Amino acid sequence: MPEVLKAPLVVEFPFTRSLGPVQSAFLTGLREQTVLGVKTSEGKILVPPVEYDPVTAEEIRDLVQVDATGTVTTWAWNPEPRRGQPLDTAFAWVLVKLDGADTALLHALDAPGPDAVHSGMRVRVRWAAERTGAITDIACFEPYEGDASGTEPAAHDGQFDDAVSGIVARARLDYTYSPGRAQTAYINALADRKAVGERCPNCSKVYVPPRGACPTCGVATAERVEVGPAGTVTTFCIVNVKAKNLDIELPYVYGHIALDGADLALHGRIAGIPYDQVRMGLRVEPVWTEGGRYPDHYRPTGEPDADYDTYKELV
Amino acid sequence: MREVAIVAFAQSDHVRTSDEQSEVEMVMPVLHQVLEQTGLKTSDIGFTCSGSSDYLAGRAFSFTMTLDGVGAWPPISESHVEMDGAWAMYEAWVKLLTGEVDTALVYSYGKSSPGSVRDVLTRQLDPYYVAPLWPDAVALAALQAQALIDAGETDEPALAGIAARSRESASTNSHAQLTGSVPQGDYLVQPLRKGDCPPVSDGAVAVILAAGDKARELCERPAWIRGMDHRIEAHSLGVRDLTDSPSTRLAAERAGVFERPVDTAELHAPFTSQEVVLRKALGLGDDVTLNPSGGALAANPVMAAGLLRIGEAAARIHRGESDRAVAHATSGPCLQQNLVAVLEGEAR
């Protein structure tokens with residue numbers, strides 16, 4: 001069996017998220033080096049603050065300012081930081097209960113080694129040099145010798161000039177994509193300008209592109225069958241919207257094409273004929289461009305149209 | 001309440017990488033096996049439900065591809081949860097309880113090998129305060145482990161003992177990935193060593209549920225679901241007591257775990273330290289056979305590992321090795337959400 005194909009696949013998206021009043025106050029506060037919490041009806045102070053009480057689900061809006069110093073409640077030494085994490089040298093993950101708060105905040109602690117970290121140790125916020133209104137405005141925590149200030153958290157109106165109303169949460173995940181055995185065979189055959197499908201051992205239908213299973217019978221397909229190159233347009237649409245990065249003149253036609261010998265239509269662009277003359281039953285063949293790894297489009301073969309009965313099962 | 005049982009269970013071998021197989025190619029043999037055990041055909045199944053995650057596949061609606069392995073034409077009654085298959089089974093159980101159908105096929109799969117599961121799981125975290133810091137799954141479990149050590153509930157040698165016992169148990173499980181003596185290795189994130197963490201696995205699992213006499217017809221000794229419940233806790237880690245799992249305890253209470261002793265527990269604890277928490281929450285003594293399959297420390301196909309626990313517990317009842325078992329599945333960081341099921345075999 002030839003080796004399956006593999007290729008890097010990066011999924012990346014800048015999620016834009018809007019903030020409610022509490023989150024906006026907290027993140028704007030970080031930008032201004034002010035840490036805010038929220039007070040529950042029971043009088044507990046939650047840092048980081050949430051909009052609804054995690055116990056009663058009551059809406060909570062009473063903001064208070066807590067200290068930028070606190071105590072580690074638990075920790076974990078991270079010898080090999082991964083992409084995106086707060087520090088690029090070994091550090092401790094910590095949950096820190098800030099002075100004045102009743103709950104803990106997750107962040108990183110910059111310390112020389114695991115021996116320098118313990119639960120109960122005193123730490124303080126190290127602010128990022130450039131702050132935008134995000135959790136990363138806290139660059140990390142650092143060890144701090146002092147005691148708590150002892151001052152009670154003071155009420156805060158949460159109002160700042162130019163409050164941040166949203167964040168951009170960048171997400172990126174890296175994969176090595178493999179299409180599996182069946183689709184590898186299909187892609188490899190395309191390199192030789194051939195289309196191969198797989199026949200179901202049960203119902204004898206030929207699927208193109210093959211995915212290794214018959215969707216009707218739910219059994220593995222393995223017998224490889226060459227199909228095409230010509231085929232019949234079973235249905236089509238006329239596209240009037242320009243896709244980004246696509247250099248095709250509008251309008252153009254996109255259709256389902258049942259390659260000869262296949263029992264499933266695949267889709268492709270139909271060209272070489274005025275868009276308003278494309279029709280069901282039109283006989284077409286693939287057109288390859290120099291170095292192309294799949295047909296660029298399909299064009300009319302010039303044969304008479306296929307009889308409807310020959311392709312009606314595939315519409 | 002209508003009687004519902006697990007009547008068949010099948011799983012793939014769990015492996016570090018399966019890139020020669022697409023998802024459907026991995027799932028299909030397991031579906032065939034579970035149907036074969038009962039003699040049912042796809043067309044006999046009243047309801048089909050699956051669990052998986054697009055984040056593992058790196059593409060949208062990835063579960064639709066595996067439907068080809070079920071045979072979804074002519075049309076079937078089907079549903080999917082973007083969760084572990086244990087929750088798909090919960091949905092199927094409810095469907096059977098309504099009386100609408102008599103049988104259900106439940107399957108789930110996880111193909112973690114294309115990406116980095118440690119990083120993928122960060123995307124389930126709070127996007128405002130936590131996810132931008134990219135704390136990976138091992139880091140969060142390590143914070144929980146340290147909290148347990150600080151509280152005097154365990155220590156590193158005890159955790160190593162859990163790892164060793166799990167992989168030793170797995171040596172009789174032909175589907176497991178890590179078996180026998182596995183070195184504890186270096187710290188991945190202290191206090192968790194490599195041996196405290198689950199392997200990265202690809203794998204699939206399927207069960208068939210049936211109601212009443214249909215279950216007796218399909219299986220010599222059905223594993224009756226006497227109760228099932230799932231509960232969740234606050235998302236923010238700093239709000240929770242990481243040394244305890246009140247959601248597991250409450251789910252167990254509602255599922256009826258505490259009514260009578262259990263002889264077997266299959267717990268979904270991907271990290272050694274989480275077994276400590278779960279054992280306490282469920283009040284399990286040393287007389288209970290714990291994770292005889294090796295558990296998630298021996299094979300951890302994400303999104304399938306929870307349903308695997310339920311399937312393994314059911315299989316012990318089928319084989320007559322257990323009369324009353326508790327099965328558990330978890331989701332979210334540090335045991336945030338927990339599902340508990342009680343399974344019983346009829347007296348012999």
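The side chain of Gln144(B) has a polar atom 3.0 Å from the backbone oxygen of Leu242(B), a polar contact (a pair of N or O atoms within 3.5 Å; within protein, one must be able to donate a hydrogen and the other to accept it, and residues adjacent in sequence count only if both atoms are side-chain atoms). This is a predicted model, in which local features need pLDDT of at least 70 and side-chain atom pairs count only at pLDDT 80 or more, while totals for chains, interfaces and linings use all residues. Residues are numbered from 1 along each chain as its sequence is written, chains are lettered from A and ligands numbered from 1 in the order in which they are written, and side-chain values use heavy atoms, leaving out hydrogens and water.

Gln144(B) belongs to helix H6 (residues 137-150) of chain B; helices (H or I, at least four residues) and strands (E, at least two) are DSSP runs, numbered from the N terminus. With a relative accessible area of 0%, Gln144(B) is buried (buried means under 20% relative accessible area, exposed over 50%, partly exposed in between, with a 1.4 Å probe and protein chains only). Apart from neighbours within four places in sequence, Gln144(B) is in contact with Leu242(B), Gln274(B), Val277(B), Cys334(B) and Leu335(B), where contact means heavy atoms within 4.5 Å.

Let us stay in chain B for another helix. H7 (residues 156-169) of chain B has 14 residues and spans 20 Å from its first C-alpha to its last, close to the 20 Å expected at 1.5 Å a residue (the expected span is 1.5 Å times one less than the number of residues). The buried residues of H7(B) are Leu159(B), Ile162(B), Ala163(B), Ser166(B), Arg167(B) and Ser169(B). Seen down the axis of H7(B), these buried residues fall within an arc of 160°, so they line one face of the helix; the arc is that of the directions from the helix axis to the C-beta atoms. Their cover includes strand S6 (192-193) and helix H10 (272-282) of chain B.

Now for the sheets of chain A. Two strands pair if DSSP finds at least two bridges between them. One open sheet has four strands in the order S3-S2-S4-S10 (chain A), with antiparallel pairing. Strand S3 (45-46) and strand S10 (154-155) of chain A stand at its edges with a single partner strand each, so one side of each has no neighbour in the sheet. Another open sheet, of three strands, runs S13-S12-S14 (chain A) and is also antiparallel. Its edge strands are S13 (206-207) and S14 (223-227) of chain A, each pairing on one side only.

| Antiparallel strands | Bridges | Bridge partners |
|---|---|---|
| S2(A) and S3(A) | two | Lys39(A) and Ile45(A) |
| S12(A) and S14(A) | five | Glu198(A) and Arg224(A) |
| S15(A) and S18(A) | two | Gly231(A) and Val284(A) |
| S18(A) and S19(A) | four | Val284(A) and Pro300(A) |

Four of the five residues of strand S18 (residues 283-287) of chain A are buried, so S18(A) is largely enclosed by the rest of the structure.

Helix H2 (residues 180-191) of chain A lies across S12 and S14 of chain A, at about 150° to S12(A). Axes are lines fitted to C-alpha atoms, for helices over the stretch in contact, and angles run from 0 to 180 degrees between N-to-C directions.
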